[in-house]
Amino acid sequence: MRLLLKGARVIDPASGVDGARDILIEDGRIALVDRDIPAGEAGDTRVVELGPALVICPGFIDMHVHLREPGYEHKETVATGAAAAVAGGFTAVACMPNTNPVNDSASVTRFILKQAAEASLARVYPIGAVSKGSDGRELAEMADMRDAGCVAFSDDGRPVATALLMRRALEYAGMLGLPVIDHCEDKTLAGEGVAHEGFHASQLGLRGIPSASEDVMVERDIVLAAMTGSHAHIAHLSTAGALRSVRGAKARGVRVTCEVAPHHFTLSDERLLAPLAYDTNLKMNPPLRHAADRDALVEGLRDGTVDVIATDHAPHHADDKKVEFDRASFGIVGLETAVSLSLDRLVHAGIITLARMVELLSANPARILRVPGGRLREGDAADLTVLAPDLRVTVSAASFRSKSRNTPYDGWALRGGVAATVVGGRVLFVNPDVPQAAGLGRV
Amino acid sequence: MSEQAVRLRGKDLLGIADLTASEISLILDTAEAMKEVSARPIKKVPALRGKTVINLFYEPSTRTRTSFEVAEKRLSADTLNIAIATSSVVKGETLIDTALNLEAMNPDVIVLRHASSGACHLLARTCRAGVVNAGDGMHEHPTQGLLDAFTIRERKGRLRGLKVAIIGDMLHSRVFRSNVYLLTKMGAEVWACGPPTLMPVGIEQLGVRATTSVEEAVADADAVMMLRIQLERMQGGFFPSLREYFQVFGMTPERVRLAKPDAIIMHPGPMNRGVEIASEVADGPASVILDQVANGVAVRMAVLYLLAGGGDDETAA
């Protein structure tokens with residue numbers, strides 16, 4: 001079975017390709033990327049003319065999602081999360097271990113992978129816990145989890161609480177060649193905070209989470225990454241100060257990388273006042289920061305300091321959000337809005353090129369997690385994200401594939417969206433609003 | 001410039017931040033008429049006859065709840081009080097579910113006191129009934145701000161150009177926020193004073209002058225407003241001891257003498273004598289603390305009347 005995609009613009013920063021190319025897929029793998037590939041013998045190749053308005057990229061990888069299974073299946077399951085992923089243009093996701101039970105052992109890792117295999121949608125890469133129960137005391141069985149399929153370690157949702165544990169985790173994960181991903185927050189400074197500490201939280205009488213609570217933890221992790229020589233990855237970086245620290249550390253050669261979430265480069269804390277005061281879909285951790293932080297993150301996305309766009313997809317049931325602001329759960333869903341937000345607010349805004357966007361969403365997360373993909377190499381699995389960069393998109397939470405609807409972007413009009421998602425040569429999502437993609441069939 | 005408002009724009013009073021100066025003036029002017037009602041031998045008018053007002057209190061309150069209840073009764077409303085004990089451990093029914101149950105009984109106004117900032121916004125979005133904020137978390141306590149302004153205006157004849165010093169725990173205080181929004185909108189010069197640990201971030205963006213010197217704050221002030229200091233704040237590490245707090249920030253007769261000779265001393269209550277205010281000051285000739293309580297009834301009558309009273313302009317003959 002061969003599939004030939006013709007006429008689209010292909011962007012693959014890893015091989016320096018940006019132009020009209022055809023892609024031939026054979027047995028789920030990329031057989032050839034070249035100009036004007038002939039269809040060959042009629043009948044054995046399905047030829048799909050996509051045309052120059054569409055862009056084919058190596059499959060996007062969201063390295064920070066919460067799939068909630070096991071334990072919180074009313075919010076999301078591996079299957080619904082994987083469905084949301086392909087609908088959002090992601091061919092793979094890495095899921096955080098703060099499930100119930102915590103993914104702190106190979107048996108939980110294997111369970112998640114079994115659910116992912118049954119769903120057979122986006123690829124799912126489990127992230128194992130740093131500490132048993134993510135309670136910050138004893139290291140979890142990292143080698144066993146690595147062998148079971150974990151691609152990184154994190155106590156996300158919580159920081160790795162002590163510098164000593166972070167040191168040990170970096171040393172031990174370094175032995176395994178895997179990164180430690182840290183949710184950087186000094187809980188003693190953050191306290192019971194629910195919003196960015198600043199003028200707007202003061203106006204609203206909301207307890208503040210100061211930028212410093214993130215900045216000191218990022219600085220700590222950089223010091224420990226330098227000390228151990230291991231790779232620390234900063235999750236959902238949100239402050240100008242933390243970005244400055246990462247920029248400086250990279251210049252010194254420290255093995256540190258970082259990701260930024262779409263809500264942090266599109267929104268800032270004045271949104272808490274209007275149009276809907278105390279909207280719990282604007283409550284996340286780290287919180288929406290000051291506009292100057294948002295601008296700094298945009299600059300970091302432009303200048304290369306930021307390695308990855310990751311959504312921190314955090315599904316919550318409506319019951320967890322339709323409550324008082326300080327009682328509401330932290331987090332928003334992100335899988336089905338990230339690509340449109342990145343295209344609209346970064347590419348069309350002239351901040352970054354499409355090629356840079358592909359680095360942020362594909363090449364870099366693949367490199368950091370050391371997973372396949374991130375490039376269009378002949379012989380590799382055919383994981384492709386097809387973009388319709390000029391598609392007019394209106395975000396509709398009601399039509400999300402995710403089980404949860406907790407998004408602040410409902411009703412937003414954005415330019416650019418996903419045309420189709422291909423995983424292992426299988427077309428798993430085709431956007432019915434994109435006529436040029438109709439040849440890929442209906443999914 | 002702006003015309004005098006003759007009604008409030010919304011169905012709710014969630015905070016002073018939402019009001020225009022004209023609306024504030026309307027409430028204060030209406031309160032003057034209401035104060036006259038309270039001075040009559042028969043302290044009752046039929047303005048809210050047949051209207052139902054629910055006082056829904058999630059935090060213990062004696063002063064504010066009683067004041068609302070008196071105001072409602074003097075307007076002839078049917079009132080009922082619901083006190084719900086809550087803790088973060090026992091969740092119980094959600095605020096929205098409680099609101100929907102009350103809504104089913106078709107009340108006209110719900111007066112809400114709640115420990116969470118923004119709880120009134122949630123209620124107002126859920127209910128057709130008008131919602132009056134009787135204090136939400138650390139956010140606002142608009143009727144307190146209004147009664148404080150009413151008291152100042154009553155004594156000074158105006159608000160514009162006055163120097164008002166507010167001293168105490170500004171970080172956790174909804175009274176502080178409502179007063180700042182109101183007084184700055186009405187053209188007063190507000191000074192805020194307290195330990196830096198109890199000042200909200202970005203305080204000067206609220207339009208106040210912030211200082212840690214109580215002498216500077218009080219100097220030539222027309223009104224000095226003390227905020228309650230809670231013992232938990234000491235345990236939370238915001239300041240070392242109540243004793244030291246009084247030494248540095250307490251309102252003493254000596255400090256009062258730095259203010260204008262006719263300055264008034266205010267406190268929203270309940271007071272901690274010897275912590276934020278010396279008894280000689282609280283009970284002294286400049287104190288208007290009990291006037292504030294009396295004016296609270298008038299202001300709440302005005303708010304309830306403007307939100308739920310009349311309302312039949314179109315059908316009025």
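The following conversation asks how a few labels were reached for a predicted model.

Reader: Let's start with the helices of chain A. Why are helix 4 of chain A and helix 7 of chain A called oblique to each other?

Author: Happy to start there. Helix 4 (residues 163-176) and helix 7 (residues 211-228) of chain A pack at an angle of about 40 degrees, and their axes are 10 Å apart. Angles under 35 degrees count as roughly parallel and 65 to 115 as roughly perpendicular, so helix 4 and helix 7 of chain A come out as oblique. The handedness of their crossing is right-handed.

Reader: Which residues of helix 4 of chain A and helix 7 of chain A meet?

Author: From helix 4 of chain A come A:Ala163, A:Met166, A:Arg167, A:Leu170 and A:Glu171, and they meet A:Arg220, A:Asp221, A:Leu224, A:Ala225, A:Met227 and A:Thr228 of helix 7 of chain A. By class, the residues of this contact are six nonpolar, one polar and four charged.

Reader: What makes the pair A:Asp221 and A:Arg220 a polar contact?

Author: Here the distance can be set against a cut-off. The side chains of A:Asp221 and A:Arg220 come to 3.1 Å, and a polar contact needs a pair of N or O atoms within 3.5 Å. The two residues are neighbours in number, and residues adjacent in sequence count only if both atoms are side-chain atoms; this contact is from side chain to side chain.

Reader: Why is helix 1 of chain A called mostly covered?

Author: Helix 1 (residues 78-87) of chain A has 10 residues, and nine of them are buried, each with a relative accessible area under 20%. The buried ones are A:Val78, A:Thr80, A:Gly81, A:Ala82, A:Ala83, A:Ala84, A:Ala85, A:Val86 and A:Ala87. They pack against several elements of chain A, including helix 2, strand 19 (413-423) and strand 20 (426-430). After helix 1 of chain A comes A:Gly89, with a positive phi near 90 degrees.

Reader: What makes A:Asp36 and B:Ser76 buried or exposed?

Author: For A:Asp36 the relative accessible area is 64%; exposed means over 50%, so A:Asp36 is exposed. For B:Ser76 the value is 15%, which falls under the 20% limit, so B:Ser76 is buried.

Reader: How do you know which peptide bonds are cis in chain A?

Author: The omega angle is the value to look at. Between A:Asn100 and A:Pro101 omega is about 0 degrees, and the bond is cis. From A:Ala274 to A:Pro275 omega is near 5 degrees, and that bond is cis as well. A:Pro101 is in the loop between strand 9 (90-95) and helix 2 (106-119) of chain A, and A:Pro275 is in the loop between helix 9 (262-266) and helix 10 (291-303) of chain A.

Reader: On to chain B. Why is helix 3 of chain B called oblique to helix 4 of chain B?

Author: Helix 3 (residues 95-103) and helix 4 (residues 119-126) of chain B pack at about 45 degrees, with axes 10 Å apart. That angle lies between the limits of 35 and 65 degrees, which makes helix 3 of chain B oblique to helix 4 of chain B. Their crossing is right-handed. B:Leu95, B:Ile96, B:Ala99 and B:Leu100 of helix 3 meet B:Ala119, B:Leu122, B:Leu123 and B:Thr126 of helix 4. This contact has seven nonpolar, one polar and no charged residues.

Reader: What makes B:Val224 buried?

Author: With a relative accessible area of 1%, against a limit of 20%, B:Val224 is buried. It is in strand 8 (residues 223-226) of chain B, and its contacts include B:Ala165, B:Ile167, B:Met251 and B:Ile264.

Notes:
Residues are numbered from 1 along each chain as its sequence is written. Chains are lettered from A and ligands numbered from 1 in the order in which they are written. This is a predicted model: local features need pLDDT of at least 70, side-chain atom pairs count only at pLDDT 80 or more; totals for chains, interfaces and linings use all residues. Side-chain values use heavy atoms; hydrogens and water are left out. Axes are lines fitted to C-alpha atoms, for helices over the stretch in contact, and angles run from 0 to 180 degrees between N-to-C directions. Helices (H or I, at least four residues) and strands (E, at least two) are DSSP runs, numbered from the N terminus. Angles under 35 degrees count as roughly parallel, over 145 as roughly antiparallel, 65 to 115 as roughly perpendicular and the rest as oblique. A crossing is left-handed if the near helix is turned anticlockwise from the far one by less than a right angle, and right-handed if clockwise. Contact means heavy atoms within 4.5 Å. Ala, Val, Leu, Ile, Met, Phe, Trp, Tyr, Cys and Pro count as nonpolar, Asp, Glu, Lys and Arg as charged, and the others, Gly among them, as polar. Buried means under 20% relative accessible area, exposed over 50%, partly exposed in between (1.4 Å probe, protein chains only). A polar contact is a pair of N or O atoms within 3.5 Å; within protein, one must be able to donate a hydrogen and the other to accept it, and residues adjacent in sequence count only if both atoms are side-chain atoms. Lists of a residue's contacts leave out its neighbours within four places in sequence.
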